[in-house]
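Subject: Structure for you to look at

Hello,

I am passing a structure on to you, with some notes on what turned up in it. Please have it open while you read.

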Number of protein chains: 2
Amino acid sequence: MQNVEKISLVGAGLVGSLMAIYLAKRGYKVDIYERREDMRKGGAEGGRSINLALSNRGLLPLEEVGLGEAAKKMVIPMRGRMMHDNKGYLTFQPYGRLGQAINSISRGGLNELLMNEAEKLGVNIHFNHSCLGINFDKNLLFFDVNGKRIEKNADVIIGSDGAFSVVRRLMQRTDRFNYSQYYIEHGYKELSIPPAANNGFKIEKNALHIWPRGNYMLIALPNLDGSFTCTLFFPFNGQPSFDTLQTRSDVEEFFKKVFPDAYELMPTLTDDFQTNPTSSLVTVKCHPWVKKRTLIIGDASHAIVPFYGQGMNSGFEDCRILNALLDQHHDDWDVVLKKFNDSRKPDADAISDLALQNFIEMRDLVADKEFLLRKKIEAKLHDLYPEQWIPLYSMVTFNENIRYSEAMEIGKRQKEIMDEVMKTPNIEKKWEKLDFKSIAEKLKV
Amino acid sequence: MQNVEKISLVGAGLVGSLMAIYLAKRGYKVDIYERREDMRKGGAEGGRSINLALSNRGLLPLEEVGLGEAAKKMVIPMRGRMMHDNKGYLTFQPYGRLGQAINSISRGGLNELLMNEAEKLGVNIHFNHSCLGINFDKNLLFFDVNGKRIEKNADVIIGSDGAFSVVRRLMQRTDRFNYSQYYIEHGYKELSIPPAANNGFKIEKNALHIWPRGNYMLIALPNLDGSFTCTLFFPFNGQPSFDTLQTRSDVEEFFKKVFPDAYELMPTLTDDFQTNPTSSLVTVKCHPWVKKRTLIIGDASHAIVPFYGQGMNSGFEDCRILNALLDQHHDDWDVVLKKFNDSRKPDADAISDLALQNFIEMRDLVADKEFLLRKKIEAKLHDLYPEQWIPLYSMVTFNENIRYSEAMEIGKRQKEIMDEVMKTPNIEKKWEKLDFKSIAEKLKV
């Protein structure tokens, strides 16, 4: 490949901004072309979640580029799930071991931090640039800027333009591009719990709240101002569904009955419900991610459902891995693009499948007695043999040194072992007397 | 739905033209908008197969619209597979029972027949109309006609614009459209065996010729002029592959060694190999097929690989089924679109999967002894119990009253039963003494 000096990214979201920082630090001349206006000038973000769960895989890259401390100041640690049953009773399930937590963080706040840092490092962010086309052979980009068509060139092009990526759509028109987009039967709608007096929190601050209801659920993540952003994951059709909650009184009655304690905390519920959009949830898989000298990363190449809290984290990990490959191969982009394309794909597929599976866990199993007992036994295994038996959730969330694909494989074997363990007669009474050592050792084989 | 009078189709290929005939016969005002020039004026067809295998599912609709006899005059029946081993020795495997055959037919000739008939019935075919966009809510179509943008409206829009459908691509941008496109590792290239003297045939006329070679194969279908159109299905990469056959002598040596008898019959082999395009093979699945009053049919909604010879046949069956639903529901398009969308999908999925599986059968298993014995036993079962045990290939190819999805399910059960039968010790010697009655009866359960 010709000498690479100039790199253009399409999309100044979380992943594009972080990637730009990595590349600027390596000495490249970096431009980002962003379809939207500069969000720092007070533009609204339509239809996307307001806060996100930052976990280890996302934190490590932020630390690598020197933004770890700044990010940590913006987060609220969530140490476990707080389950709300339909009488309003609470149960707490820690996510991992003592001190382990996932972190609620504002999408907008983090994006601003990243854009500011990128600009500080010399990255040019060009707003209101809508990508119209790419000439993959000649490495040319075409944009619409206020109705005018302009052309740009770069040595490498990176599409970081999200789940509905234009760069990916352009790749899709080229030959032999494998692609799938699948929507689940559920959509989501954001709602809100306001702060208590003096920016206090009306419910437990350091938890991710879940109202699991079998086929659907409500969740809530804390914000720094004391409010919670709630998300209802709910079927589009059927009984009950977005389709059946039409009038204000439909909504009120439903929430009063099904989420009684949440209902009491949401004074603007019916307005929010009628005003806020109902959004769909898509899984995108595709391959190859590289066409000549154009690469797609993050949601553009592997959009996933949000139920493992790994969308942003996996995108940030893409950046870290691409940077590590550049280190390893001395910025030989031919090699790096090929290696990234081949080696990262199984991990993207794994987290994609795990995220779909986790929806069932969150909306249903977390309220299931046998499931909770399993979790308890696994937690005990983890306590006794912390290196040998790491529960799947912990591997994904707290162990950034384990690849997603590896975590999924180990998780499958753990499940087989635990299926056997759960067949023990009277397990609910006798579980503490299990032979934990031999259980943990089964995993080694 | 408002009264439907005017229907527009996008794409005047085989399926679009046949659908237009059905609709014109029902009394609708029908327009077809076609991107290409009128092929009847001598334009070339780039990159698409020259002849196709017409079987019962395709013949029935042609008969329904009164073109059965005309089509039959254009075909060469192929009663079975003629296998060529690498020494040039031949083995013949009949496709079905006596008199059953699939029919080699010219794509161009059949398309012309259909377009002529459509025009005779008052259908307007507008050539050089490239679809740019659709307003699904307002039922508007936008076309580029020699650089000019024009707008058309219709009460119902049908996209019959093939595997790379623009109508489908426009649907893909709307919310909650599930979509996948997957390419296999093989591509194909068309080659040719010229006629013998006086339009004679250099190899058996009434057969589909196969040179099965494990991971790849060559096939040949007869044309009315005595020639055969050959297709090499071959990996893009690896050893051997399109990638490794670069020079004229690479090609010559490879064919001489691997397809010695075919090599002798192809005087223009190396020229053809270097001139003709290498095309890829895609499977497209998507759903829903209906967006408001726009529907996609044929390859546009379910492009499949060619290994079951059912691409055109399944598209023609789409037309027949849509027409039958219009009969049944008295042209109530709201009901018909919904029923077609829901009920036809499992059949499209089934033939899609069967076509992928059949590649392995054609390129590899047809040369396998155990496989041939299985076929023999199944043929005998079919002879003895013609209604009770119909081999999968026959269900798909000769039994248009059995749905694809049903055929696939029955085929799975047949396979389980045959797996057991094949475990019989010394089956190769004792197969004629099997208890065929009880084998056939297992299928009923």
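In chain A, S130(A) stands opposite D144(A), which belongs to strand 10 of chain A. That pair sits where strand 9 (residues 130-135) and strand 10 (residues 140-145) of chain A run antiparallel to each other, joined by five bridges. The two strands form a hairpin with four residues between them, and there N139(A) has a positive phi near 60°. Before going on, please keep in mind that this is a predicted model.

Another residue to look at for its backbone is R176(A), which is not a glycine and yet has a positive phi, near 60°. You will find R176(A) in the loop between helix 5 and strand 13 of chain A. These angles are worth a glance because most residues other than glycine have a negative phi, and most peptide bonds are trans.

Now for the way the two chains meet. Chain A and chain B each bring 18 residues to the contact. Together they bury about 1,700 Å², and 36% of that is on carbon and sulfur atoms.

What holds across the interface in the way of charges and polar groups? The rule finds zero salt bridges there, but it does find 11 residue pairs in polar contact (both at pLDDT 80 or more). On chain A, the elements that give two or more residues to the side touching chain B are helix 5 (166-172), strand 13 (178-193) and strand 17 (279-287). Strand 13 of chain A gives the most, with eight residues. By type, the residues on this side of chain A divide into six nonpolar, six polar and six charged.

Strand 13 is also where the chains pair: three bridges join strand 13 of chain A to strand 13 (residues 178-193) of chain B, and the two run antiparallel. Within this pairing, Y179(A) stands opposite Q181(B).

How are the copies related to each other? A rotation of 180°, with 0.0 Å of shift along its axis, superposes chain A on chain B with an RMSD of 0.0 Å. The two copies are therefore related as by a two-fold rotation axis. In chain A, S180(A) has the C-alpha nearest the axis, 2.0 Å from it. The copies also meet through the same surface, because 100% of the interface residues of chain A are interface residues in chain B too.

Finally, salt bridges in the whole structure: a search over all chains finds 54 of them. One that you can look up is between the side chains of E361(A) and K375(A), at 3.1 Å from N to O. This pair links distant parts of the chain, 14 residues apart, with E361(A) in helix 11 (residues 333-363) and K375(A) in helix 12 (residues 369-384) of chain A.

Best wishes

Key: Residues are numbered from 1 along each chain as its sequence is written. Chains are lettered from A and ligands numbered from 1 in the order in which they are written. This is a predicted model: local features need pLDDT of at least 70, side-chain atom pairs count only at pLDDT 80 or more; totals for chains, interfaces and linings use all residues. Side-chain values use heavy atoms; hydrogens and water are left out. Contact means heavy atoms within 4.5 Å. Buried area is the accessible area (1.4 Å probe) that two parts lose on being put together, summed over both. A salt bridge is a side-chain nitrogen of Lys or Arg within 4 Å of a carboxyl oxygen of Asp or Glu. A polar contact is a pair of N or O atoms within 3.5 Å; within protein, one must be able to donate a hydrogen and the other to accept it, and residues adjacent in sequence count only if both atoms are side-chain atoms. Ala, Val, Leu, Ile, Met, Phe, Trp, Tyr, Cys and Pro count as nonpolar, Asp, Glu, Lys and Arg as charged, and the others, Gly among them, as polar. Two strands pair if DSSP finds at least two bridges between them. Copies are superposed by least squares on the C-alpha atoms of residues with pLDDT of at least 70 in both.
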